[in-house]
Every structure is written in C-alpha cells, then in structure tokens.
Amino acid sequence: MASLENIDAQSTPRQPQQPPAGPFRLVAIDLDGTLLGADHRPTHQNAEAVRRLAEEGVLCVVASGRMHEASAPFARELGLDSPVISYNGALVRSGPDGET
C-alpha cells in the first residue's frame with residue numbers, strides 16, 4: 001500500500017475554505033476498519049478521499065473509540081485542523097492539539 005508521504009502536504013487543506021458544494025457539511029470518519037487499512041495506516045485511497053472532501057469545503061472530523069492520544073496523530077497526518085472526537089464521543093477537542 002502507498003504511504004501518505006506520497007501526498008503533497010501543501011495540497012491537503014487544513015480546514016474548509018469554502019461552503020460545501022455537495023449535500024454534506026461534515027463527515028465524521030472512524031479509524032479502525034474504516035479509514036485505516038490492514039496495516040493500521042490510512043490507505044492512500046482514503047487519504048485522497050479525505051483531501052478531496054476537504055477541498056470541497058466539507059469539515060472532516062476524526063471520530064473514534066480510541067483515546068485522544070491515539071486518534072489525534074491520524075488527524076495530523078491527514079492535515080486536518082478540525083475537531084477530534086475520541087473515547088466514543090466522551091471527549092471532543094478543537095483539533096489534534098486543541099482544547100477540550
């Protein structure tokens with residue numbers, strides 16, 4: 001599988017720049033069994049889909065049952081500066097390094 005290092009970091013929007021063109025304003029993305037592949041890394045295809053959604057103005061949010069410290073690195077890796085939902089929704093931080 002391709003690594004995320006092949007994706008140009010500057011082409012990954014940090015947050016929505018415009019109102020969404022489509023029907024979705026926000027996408028909450030689970031990690032295990034959804035965003036991550038068998039190697040426990042975001043697949044290139046999924047990372048590209050997140051990038052395209054963000055370019056369309058959709059707010060992309062990582063949402064996981066994992067603790068924040070285990071979820072936030074994936075949001076950082078994808079270049080997301082949006083809320084991170086962890087502990088099955090018990091904790092929401094304003095970004096990967098943000099306030100509760």
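Is Arg41 buried, partly exposed or exposed? In this predicted model, Arg41 has a relative accessible area of 35% and is therefore partly exposed. Its salt-bridge partner is Glu77, with the closest N and O atoms 2.1 Å apart. Because Glu77 belongs to helix α3 and Arg41 to the loop between α1 and α2 (44–55), the pair ties together parts that are 36 residues apart in sequence. Glu77 is likewise partly exposed, at a relative accessible area of 33%.

The salt bridge between Glu77 and Arg41 belongs to a set of five found in a search of the whole structure. Another is formed by Arg66 and Asp32, whose closest N and O atoms are 2.6 Å apart. This pair also links distant parts of the chain: Arg66 is in the loop between β2 and α3, Asp32 is in helix α1 (residues 31–35), and 34 residues separate them. Arg66 is partly exposed, with a relative accessible area of 23%, and Asp32 is partly exposed at 37%.

A further salt bridge joins the side chains of Glu48 and Arg51, at 2.1 Å from N to O. Both residues lie in helix α2, three residues apart, which is about one turn of the helix. Glu48 and Arg51 are both buried. Through salt bridges that share partners, Glu48, Arg51 and Glu55 are joined into one network.

The strands form an open sheet of four, in the order β1-β2-β3-β4, with mixed pairing. β1 and β4 (91–93) are the edge strands, each pairing on one side only. From one strand to the next, the twist averages 20°.

Strands of a sheet pair through backbone hydrogen bonds, in either a parallel or an antiparallel sense. Strand β1 (residues 26–29) pairs with β2 in the parallel sense over four bridges, and Val27 stands opposite Cys60 in β2. The pairing of β2 with strand β3 (residues 84–86) is also parallel, over two bridges, with Ala63 standing opposite Ile85 in β3. By contrast, β3 and β4 pair in the antiparallel sense over three bridges. Here Ile85 stands opposite Val92 in β4.

Helix α3 lies across β2, β3 and β4 and runs at about 150° to β3. Strand β2 is largely enclosed by the rest of the structure, because four of its five residues are buried.

Ser64 is located in the loop between β2 (59–63) and α3 (68–77). With a relative accessibility of 5%, Ser64 counts as buried, since the cut-off for that class is under 20%. Apart from neighbours within four places in sequence, the contacts of Ser64 are Asp30, Leu31, Ser71, Ile85, Ser86, Tyr87, Asn88 and Gly89. Arg66, which is in the loop between β2 and α3 as well, is partly exposed, whereas Ser64 is buried.

Terms used:
Residues numbered from 1 in each chain as written. Predicted model: local features only at pLDDT ≥ 70, side-chain atom pairs only at ≥ 80, totals over all residues. Heavy atoms only, no water. Buried < 20%, exposed > 50% of the residue type's maximum accessible area, 1.4 Å probe, protein only. Contact = heavy atoms within 4.5 Å. Pairing = 2+ DSSP bridges. Salt bridge = Lys/Arg side-chain N within 4 Å of Asp/Glu carboxyl O. Axes fitted to C-alpha atoms, helices over the stretch in contact; angles between N-to-C directions.
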